[in-house]
Amino acid sequence: MSDVASPRIVIVGAGPAGIRAAATLVDAGFHPIVIDEGQRAGGQIYRRPPAGFTRTPEELYGSESAKARALHSLFDRLAEERRLTHCAGTSVIAAHEGRLHVLGEGGVQMIVYDRLILATGASDRVAPVPGWQNAGVYSVGAAQIALKAQGVALGRRIVLMGSGPLLTLVGAQLVKAGADVVAVLDTAPWRQQLRGLWDIAARPAVALRGLVMRARLGGRYHAGVTLERIEADGSGVVAFRWRDAGGRERVTSCDMIGMGWHLRAETHLADIAGCAFTYDEQWQQWLPKIDEMGRAGNGVYLAGDGARLLGADGAEIAGRLAAAACLADLGHPMPSVGADLLKLKRLKRFARGLAIAFPWPGAMARALPDDAIVCRCENVTAGSIRASVEHGGGDANRVKSLSRVGMGRCQGRYCLPAAVEVITAQAGCAPKDVGRFRGQAPVRPAPVGAFLQEG
C-alpha cells in the first residue's frame with residue numbers, strides 16, 4: 001500500500017467493472033489503488049483458479065473465455081508495469097470520511113482516498129425453503145465458484161433450484177464437467193418466461209446461448225415448480241420434495257442442493273460510505289442512487305452489479321463510465337462515452353426482460369411456515385419475525401432489533417429479501433415501506449485482534 005500522487009483514487013473490486021475503471025484512469029495518467037478480496041483479478045464471473053490448474057479458460061468460461069483472457073491480461077500488465085497498486089486478498093471492512101479500513105494479512109490498515117469507485121459486484125439472492133439450514137445446502141454461485149476455483153462439484157447427486165440465467169448456466173457447466181446433476185428446478189413457469197422474451201431479444205446471441213444451455217440440461221430441467229422442503233438426516237441433505245408444473249408431488253434423492261434467484265447487489269460498502277438508496281421495483285431490492293455515469297455523490301462512484309444488475313458486459317461499461325465521471329469531476333479531459341451509454345440502454349432492456357421472465361418468488365417467502373428458518377446465521381424463524389412485527393410494527397430495523405434477523409455473519413445478505421416478504425405479509429404493507437437493514441462496520445467478519453494492530 002505505497003503512497004501515490006494526489007488525488008488518490010481507490011477502486012474496490014477487481015472484477016470487470018473495477019478492471020475497466022482502473023485501465024481508464026491509468027490511460028489518463030493516474031495511478032489508482034485497486035483493493036480486492038481475491039488473490040488474482042477477475043471477480044466472480046471471471047474468477048481464476050490457482051496456479052497449475054489444468055482446466056483451460058475455454059473450459060472454465062465457455063463462450064466468455066476471450067473476454068476473460070483480455071481482462072486478466074490487461075490487469076496483470078498494468079500491475080506488472082506498476083501503473084496501479086493492487087492490494088490482493090484484502091477486504092474493505094469500513095469507510096468513513098475519506099478513509100477506508102482494510103483487512104489483510106497484516107491486520108487492519110487505513111487507506112485515505114480523494115475519490116472512491118465501488119465495484120463490489122453481487123451475490124446470490126436466495127429464498128428460504130424449509131430445511132435449508134442443513135448441511136449440503138449452498139448457493140448456486142458457491143457451486144460455480146467451487147467448480148471454477150478448484151474443479152470440484154460440491155455433491156455426488158446435485159439438485160439446483162431457483163430461477164434466472166445463472167441457474168441454467170451453472171447446471172450446464174456442472175453437467176459438462178461430468179457432475180451428476182439430477183434436477184434443475186425453476187420456479188418461473190414457461191408462460192412467465194415468455195413474457196420477458198421481447199426484451200431478452202435485445203441481446204439475441206446471449207439469448208441463444210441460454211437456449212443451448214437449457215437444451216444441454218435435457219430432462220433435468222423443470223419449469224414452474226413448487227418447492228416444498230429439504231429432507232435431511234444427521235449427516236446432511238438426503239432428498240428434496242417438490243411439485244412439478246402439473247401439481248404432482250416429486251421426491252428427488254440428493255446430497256447437495258444449490259439455490260439462487262438471480263442476484264443481489266452487494267451494497268454494504270455503498271451504505272456506510274453515505275450513498276442514498278431507492279427501492280427498485282423491477283429487481284425488488286434496494287439499490288444505490290446514481291446518475292447515468294455512476295456518480296453517487298461525495299466523491300463516490302458505483303459501477304457494475306453492485307449498483308445495477310447488468311451482468312459482466314454491463315459491468316465493463318459501467319466501470320469505464322464511473323472512471324470517466326471521476327476524471328471529469330477532477331477537471332481532467334473525459335473520454336468519449338456516447339457509445340457506452342447507448343450500449344447501456346440495450347443492456348438495461350435485456351435486464352428488464354430477465355426480471356420479468358424470472359421473478360423473485362415473494363409469495364413463496366411470504367407463505368413460509370412459522371417453524372421455517374429465515375435467518376440461518378441466528379436461527380431466526382418466520383414465526384419469530386411475525387411475532388416481532390406484532391410487537392414492534394413493520395419496520396425492518398425494528399424487527400431486526402427484536403428478532404435478531406440479519407445480525408449474523410452475513411449481515412442480512414441472504415435473509416433480508418425473504419425477511420422483508422414475511423414482514424410485509426404480516427404488516428400489510430409494501431416492501432418499500434418496510435425499509436432495509438442499516439449497514440454497519442465491519443461489513444465482513446473480522447477478528448478483534450486485527451483491530452489492535454490498526455495503523
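Colleague: Happy to start with a pocket: which helices each supply at least two residues of the lining of the second largest pocket?

Modeller: Those are H10 and helix H11 (338-357). Helices here are DSSP runs of H or I with at least four residues, strands are runs of E with at least two, and both are numbered from the N terminus. Before we go on, please keep in mind that this is a predicted model: local features need pLDDT of at least 70, side-chain atom pairs count only at pLDDT 80 or more, and totals for chains, interfaces and linings use all residues. Residues are numbered from 1 along each chain as its sequence is written, and side-chain values use heavy atoms, with hydrogens and water left out.

Colleague: What makes a residue part of the lining of a pocket?

Modeller: A lining residue has an atom within 4 Å of a point on a 1 Å grid over the protein atoms alone; a pocket is an open set of points with protein on both sides within 12 Å along at least five of seven lines, while a cavity is a set where a 1.4 Å probe fits but cannot get out. For the second largest pocket this gives 16 residues, and Ile290, Asp291, Glu292, Arg308 and Leu344 lie nearest its centre. H10 gives the most to that lining, with 3 residues. The space in this pocket is about 180 Å³, where a volume is the space filled by probe spheres set on the points, joined across faces, edges and corners.

Colleague: How many cavities of 30 Å³ or more does a search of the whole structure find?

Modeller: The search finds 1. The largest cavity holds about 370 Å³ of space. Of its 26 lining residues, Arg264, Thr267, Trp286, Leu416 and Arg436 are the closest to the centre. Two or more lining residues come from each of strand E17 (263-265), helix H9 (268-272), strand E18 (277-280), strand E19 (285-288) and helix H15 (416-427). H15 provides the largest share, 4 residues.

Colleague: Why is Val137 called buried?

Modeller: Buried means under 20% relative accessible area, exposed means over 50%, and partly exposed is in between (1.4 Å probe, protein chains only). Val137 has 8% relative accessibility, so Val137 counts as buried. This residue is found in strand E9 (residues 137-139). Leaving aside neighbours within four places in sequence, Val137 is in contact (heavy atoms within 4.5 Å) with Gly131, Trp132, Ile230, Val237, Ile257, Met259 and Arg376.

Colleague: And why is helix H4 (residues 140-150) described as largely enclosed by the rest of the structure?

Modeller: Because 8 of its 11 residues are buried. Among them are Val140, Gly141, Ala143 and Leu147. The buried residues of H4 pack against helix H2 (57-61), strand E8 (122-124), E9, strand E10 (158-163), helix H5 (165-176) and strand E16 (256-261). Just after H4, Gly151 takes a positive phi of about 70 degrees.

Colleague: How do you know that Asp313 forms a salt bridge with Lys67?

Modeller: A salt bridge needs a side-chain nitrogen of Lys or Arg within 4 Å of a carboxyl oxygen of Asp or Glu. For Asp313 and Lys67 the closest N and O atoms are 2.8 Å apart. Asp313 lies in helix H10 (residues 311-329) and Lys67 in helix H3 (residues 65-80), so the pair ties together parts that are 246 residues apart in sequence. At 17% relative accessibility Asp313 counts as buried, whereas Lys67, at 29%, is partly exposed. Both belong to a network of salt bridges that also links Glu64, Arg203 and Arg209.

Colleague: Which salt bridge does Glu81 form with Arg77, N to O?

Modeller: Their side chains meet at 3.8 Å, N to O. Glu81 also forms a salt bridge with Arg83, at 3.5 Å. The structure holds 28 salt bridges.

Colleague: Finally, what makes E13 and E15 the edge strands of their sheet?

Modeller: The open sheet has 3 strands in the order E13-E14-E15, with antiparallel pairing. Strand E13 (226-233) and strand E15 (249-253) each pair on one side only. Two strands pair if DSSP finds at least two bridges between them, and E13 and strand E14 (residues 236-243) have 7.
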